[in-house]
Amino acid sequence: MTRVLAVSSVFPPHRHPQSEITAALAGFLPAGADSALLRRVHASARVEFRHLALPLERYGPGNDFGTTNALFVDAALDLASRALEHVLARTGLTARELDLVMSTTVTGLATPSLEARLATRAGLRPDVRRVPLFGLGCAAGAAGLGHVHDHLAGHPDHAALLLSTELCSLTLQAADTSMANLVAGALFGDGAGALLAVGRGHPLHATAPGPTVVASRSRLYPGTEHLLGWDIGHWGFRMVLGRELPDLVRLHVAEEVETFLAAHDLKPGDVDAWICHPGGPKVLDVLEDALSLPPSAFAASRRSLAAVGNLSSASVLHILSGLLESGPPPPGSVGLMLGFGPGFASELVLLRW
């Protein structure tokens, strides 16, 4: 089975309390817009701090897509490089010992992709296998770990890196007063995460204290494609966010979690560590209720949301990193990584210590 060796999270330098971000975005609104609505949305997000790729004053209207995307490539490359350095330092491996690099983002476009641009700087081998993922959105952290597990099942002596780099703030449409954009402006932050894993035949597999990956599952929910994603145009990325999403989580995702666990003779109450993407407080509340879980179940997700906001695909790596740093659960403990993304889709990864 795949063994997780280490996970790291890194952030850009501009850290602000939610109140400062709220005030700045209210100041960017067009004349006549309802700033009171923006403030109410921000107050309900349960976000306390966020990191931003740029100084706060640079987020007003005016930048075109090309300019903003160029900023994304430069900032994302620096952040990804730091995430890789941190996770390697925790394992003793070198970049040349990596056989696979899977990179995820949904907040900017880069061709060559980020891991290709990173290769020379980081010292990756020229023959390293690269799998850039775009479009999975917030689900890509969990989906990426599932795909890493698939690769390592077929290449048990390999070491694989999952790299998630999300600069959500650079997708902000400062003059857009739609509810979807107001919610996005209240929730999303910037950050990167890196996860290093090895197959069962790798020398570090038996000695590492991290969890093993037992299984993963991907699920698309037909007829929901219009509810979550990007509207991409000359303006850049505009958020598409349907109000029905919490209802979908209640009706479909909870059942998906239950059936996935049942296939492994488990119930939601048997899960010791929930690594759930903090899509927003309402999504967490709905899922907690639908699965009949105690308030403590998603405490790590709520702490992550409060501390750094919704990091899109990097959020589950931030939550897992915090869990590992605070001391791993006892042997035999069960973990479930859970993410949601455009499609509408869910991604599940079963872990065991």
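Analyst: **A loop residue and the rest of the chain**

Asp 34 lies in the loop between α1 (18-28) and α2 (35-44); helices (H or I, at least four residues) and strands (E, at least two) are DSSP runs, numbered from the N terminus. This is a predicted model, in which local features need pLDDT of at least 70 and side-chain atom pairs count only at pLDDT 80 or more, while totals for chains, interfaces and linings use all residues. Residues are numbered from 1 along each chain as its sequence is written, and side-chain values use heavy atoms, with hydrogens and water left out.

With a relative accessible area of 44%, Asp 34 is partly exposed; buried means under 20%, exposed over 50%, and partly exposed in between, for a 1.4 Å probe and protein chains only. Setting aside residues up to four places away in sequence, Asp 34 touches Leu 29 and Arg 40, where contact means heavy atoms within 4.5 Å. From Asp 34 to Ala 159 there are 125 residues in sequence and 51 Å in space, C-alpha to C-alpha.

Another loop, the one between β5 (129-134) and α5 (140-154), holds Cys 138. UniProt lists Cys 138 for "active site" in an unreviewed entry; its positions are given in the numbering used here, feature names are shortened, and annotations may be inferred rather than shown by experiment. Cys 138 is buried, at a relative accessible area of 14%. Its contacts, not counting residues up to four places away in sequence, include Phe 188, His 277, Asn 310 and Ser 312.

Ser 312, in turn, is found in the loop between α9 and α10 and is buried, with a relative accessible area of 3%. Beyond four places in sequence, the residues that Ser 312 touches include Val 106, Glu 166, Cys 168 and His 277. Ser 312 is not a glycine, yet its phi is positive, at about 55°. Most residues other than glycine have a negative phi, and most peptide bonds are trans. Ser 292 also has a positive phi of about 55° although it is not a glycine. Ser 292 is placed in the loop between α8 and α9 and, at 65% relative accessibility, counts as exposed.

One joins Thr 111 and Pro 112, with omega about 5°, and Pro 112 is found in the loop between β4 (100-105) and α4. Gly 343 and Phe 344 are joined by a cis peptide bond with omega about -25°; Phe 344 lies in the loop between β12 (334-341) and β13 (345-352).

In helix α9 (residues 299-308), the buried residues are Ser 301, Ser 304, Leu 305, Ala 306 and Val 308. Their cover includes β3 (49-52), α6 (179-187), β11 (273-276), α8 (281-290) and α10 (315-325). Gly 309, with a positive phi near 80°, follows α9.

Helix α3 (residues 65-89) and helix α4 (residues 114-122) pack at an angle of about 55°, with their axes 10 Å apart. That makes α3 oblique to α4, as angles under 35 degrees count as roughly parallel, over 145 as roughly antiparallel, 65 to 115 as roughly perpendicular and the rest as oblique. Axes are lines fitted to C-alpha atoms, for helices over the stretch in contact, and angles run from 0 to 180 degrees between N-to-C directions. Among the residues that meet are Phe 72, Val 73 and Leu 84 in α3, and Leu 114 and Arg 117 in α4.
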